[in-house]
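Subject: Structure handover

Dear colleague,

Here is the structure for your files.

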Amino acid sequence: MTPTFPRASSRRYVLDANALIVFFEERVGGAQKVRHLLSEAVRQDVALLMSAVNWGEVFYIAWRRHGEAKAREAEARLQEMPVAVITADRERASRAGALKQKHSLGYADSFAAELAIEQDAWLVTADPEFSRVGKTLSVYWLPRHEK
């Protein structure tokens, strides 16, 4: 079982797209946990990580749900946050593709899982799909948001 607020100094964290969506939409429970991880990252002077593919997913979802202006606002906010957006090169894409095939993950989700495994980091998410990956992936669970 994952502690409620793990310490940033003990682990690295990779944000799944829904972690930032939870934060930007200020969803009860999850937004506070993400805010805590962000403030700990600032305090510890260590960046949280996110795949560029997952950032693209956040941008797309923000635009679809709230319009282009909100998506651009989210993009500007991201630049002020202690989040390093990691490129998806050919090797990462191949590893992500393998995870997608082996565990029936969504395409973007496979990039989040790949980055977390590569960096030996906790994946911050509310998506139960990641439980399919098993013990090779450490997950920091956010509360699920029911639509």
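One aromatic cluster is made up of Trp 55, Phe 59 and Trp 63. Rings of Phe, Tyr and Trp (its six-membered ring) are paired if their centres lie within 6.5 Å; planes under 30 degrees apart are stacked, over 60 edge-to-face, and the rest tilted.

The model is predicted: local features need pLDDT of at least 70 and side-chain atom pairs count only at pLDDT 80 or more, while totals for chains, interfaces and linings use all residues. Residues are numbered from 1 along each chain as its sequence is written, and side-chain values use heavy atoms, with hydrogens and water left out.

The ring rule gives 5 aromatic pairs. Among them is Tyr 13 with Tyr 140, edge-to-face at 6.1 Å centre to centre and 65 degrees between the planes. This pair links distant parts of the chain, 127 residues apart: Tyr 13 is in strand 1 (residues 13–15) and Tyr 140 in strand 5 (residues 138–141). Helices (H or I, at least four residues) and strands (E, at least two) are DSSP runs, numbered from the N terminus.

The ring centres of Tyr 107 and Phe 111 are 5.1 Å apart and their planes are at 70 degrees, so this pair is edge-to-face. Both residues lie in helix 6 (residues 107–118), 4 residues apart, about one turn of the helix.

Asn 54, in helix 3 (residues 52–66), has 0% relative accessibility and so counts as buried (under 20% relative accessible area; exposed is over 50%, partly exposed in between; 1.4 Å probe, protein chains only). Leaving out residues up to four places away in sequence, the contacts of Asn 54 include Phe 111 and Leu 15 (heavy atoms within 4.5 Å).

Regards
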